[in-house]
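Hi there,

Here is the structure I promised to pass on to you.

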Amino acid sequence: IHELAFCLGAYLIYMLYKPKKKVWFWVMFFLTCFCFFAAFKRIAMVSIAVVAVIRILFFLFQKISSKAVIRAANIIMIIATVLLVAYILVIKLDIFSYMEKAGIATNGRAYVYSHVNEYYDFSPLFPGRGIGFLTYQLNEVVSLGVQAIHNDFLQFYIDLGFFGYILWLLSMTVLRTAYFGKNDPNTATITTLLTLYLIIVSSTDNTMNYPLLTTVMGILIIGNSY
């Protein structure tokens, strides 16, 4: 249900960006909205709200020029990359445990993050543990009661290392937007909005392991220009 909700969220973003003046479109749109909100996946709803704000910013840049839109997309992706590196530092500083003490529920994430803390350092000298290391630890070595840490970015950081993580982030954000939106401000906007959506829902979940969602992302981003 969660995976389908995330997929519907991606379609909802695309439908809001490219509405059609046809009856069948609005029937499908309201059906999509109903199913999306019925799933009540809070992080997906937060993502939609953030993307809506960014969409307004793009609307303002469209008033300037097409190049302004493309530049804005690239800048937003660079900022997202910097924030995602800082996110690992925030986790390493055990902010989630402080949130629990303050009465903010993290649904067990503080517990899991504190137990995987020994596997990594926030340092340019951290080389990474190798792809699959953390998954193996959680499923075969330690017994934390979870099979994944519900944080794709921390998992990739532990597996890939400091610079490997940054390169992976750049490929997922800056490179993707620059490639698909090089000469097309429309696709640059769509790619940015969908990538931001994926980033937010993956920050507290293992969303990038969901094949249905990654397929939907690929269809919407690549298919827009064809």
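**Pockets and helix packing**

In the largest pocket, α4 gives the most to the lining, with 8 residues. Before I go on, please keep in mind that this is a predicted model, in which local features need pLDDT of at least 70 and side-chain atom pairs count only at pLDDT 80 or more, while totals for chains, interfaces and linings use all residues. Residues are numbered from 1 along each chain as its sequence is written, and side-chain values use heavy atoms, with hydrogens and water left out.

The volume of the largest pocket is about 690 Å³ (the space filled by probe spheres set on the grid points, which are joined across faces, edges and corners). A pocket here is an open set of points on a 1 Å grid over the protein atoms alone, where a 1.4 Å probe fits, with protein on both sides within 12 Å along at least five of seven lines; lining residues have an atom within 4 Å of a point. There are 29 lining residues, and Ile43, Tyr87, Ile200, Ser203 and Thr204 lie nearest the centre. Elements giving two or more residues to this lining are α3 (42-62), α4 (66-92), α5 (95-101) and α10 (185-202); helices are DSSP runs (H or I, at least four residues), numbered from the N terminus. By class, the lining has 19 nonpolar, 6 polar and 4 charged residues (nonpolar: Ala, Val, Leu, Ile, Met, Phe, Trp, Tyr, Cys and Pro; charged: Asp, Glu, Lys and Arg; polar: the others, Gly among them).

The second largest pocket holds about 160 Å³ of space. Its lining includes Met172, Arg176, Phe180 and Leu198, and α11 supplies the largest share, 5 residues. The lining divides into 7 nonpolar, 2 polar and 1 charged.

Met172, Arg176, Phe180 and Leu198 turn up again where α9 meets α10 (contact means heavy atoms within 4.5 Å). The two helices pack at an angle of about 160°, with axes 8 Å apart; axes are lines fitted to C-alpha atoms over the stretch in contact, and angles run from 0 to 180 degrees between N-to-C directions. α9 and α10 are therefore roughly antiparallel (angles over 145 degrees).

Helices α1 (residues 2-17) and α2 (residues 23-39) pack at about 140°, with axes 9 Å apart. That makes α1 oblique to α2. Their contact has 12 nonpolar, 2 polar and no charged residues.

Best wishes

Conventions: Angles under 35 degrees count as roughly parallel, over 145 as roughly antiparallel, 65 to 115 as roughly perpendicular and the rest as oblique.
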